[in-house]
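Colleague: Please take a close look at a single part of this model and describe the surroundings there.

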Amino acid sequence: MQFEMLYSKIHRAHVSDANLNYVGSITIEKSLALSANLLAGMKVEILNINNGERFNTYVIYGDKEGEICLNGAAARKAQIGDIIIIVAYASYTQNELKDYKPTIVQVNEHNQILSITHEV
């Protein structure tokens, strides 16, 4: 049996840009994405704290410090300055859950890392 569980998240990130004319995805500063174990192309769910929107997209890496940019259709789901949670899930077997420790990255208003923990 497989269990769909939280894999990682970036908690309370601030949208720094929105690019409606891009093909699609969310651009996350590469070092921030890697701190949360998010891979380029990985499916993520975006939870917008400001307006309640929840939607899926995929990660691409960005170079700008603190960059969190919603691209394409996702740009319609949030405004610059909105606070979002970026969540990734993974499937685990019951045996794998014995050592289950998701990665939680807390950031400040400039999307700089405040803490990284490995617990729900």
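Modeller: A buried asparagine and the annotated site

At 3% relative accessibility, Asn48 counts as buried (buried is under 20% relative accessible area, exposed over 50%, partly exposed in between, with a 1.4 Å probe and protein chains only). This is a predicted model: local features need pLDDT of at least 70, side-chain atom pairs count only at pLDDT 80 or more, and totals for chains, interfaces and linings use all residues. Residues are numbered from 1 along each chain as its sequence is written, and side-chain values use heavy atoms, with hydrogens and water left out.

Asn48 belongs to strand S4, residues 43-48 (strands are DSSP runs of E, at least two residues, numbered from the N terminus). Its side chain reaches the backbone nitrogen of Asn50 at 2.8 Å, and a polar atom of that side chain lies 3.2 Å from the backbone oxygen of Lys77. Leaving aside neighbours within four places in sequence, Asn48 is in contact (heavy atoms within 4.5 Å) with Glu53, Lys77, Ala78, Asp82, Ile83 and Ile84.

As for the annotation, the unreviewed UniProt entry lists Thr57, Gly72, Ala73 and Ala74 under "binding site". These residues are spread over 18 residues of sequence but cluster in space, with a largest C-alpha distance of 10.0 Å. The UniProt positions follow the numbering used here, feature names are shortened, and annotations may be inferred rather than shown by experiment. Gly72 sits in the loop between strand S6 (68-71) and strand S7 (83-93), and Ala73 lies in the loop between S6 and S7. Gly72 is buried at a relative accessible area of 3%, whereas Ala73 is exposed at 62%. Not counting residues up to four places away in sequence, Gly72 touches Asn19, Leu20, Tyr22, Val23 and Gly24.

Note on methods:
Helix = DSSP H or I, 4+ residues; strand = E, 2+ residues; numbered from the N terminus. Polar contact = N/O pair within 3.5 Å; in protein donor to acceptor, adjacent residues only side chain to side chain.
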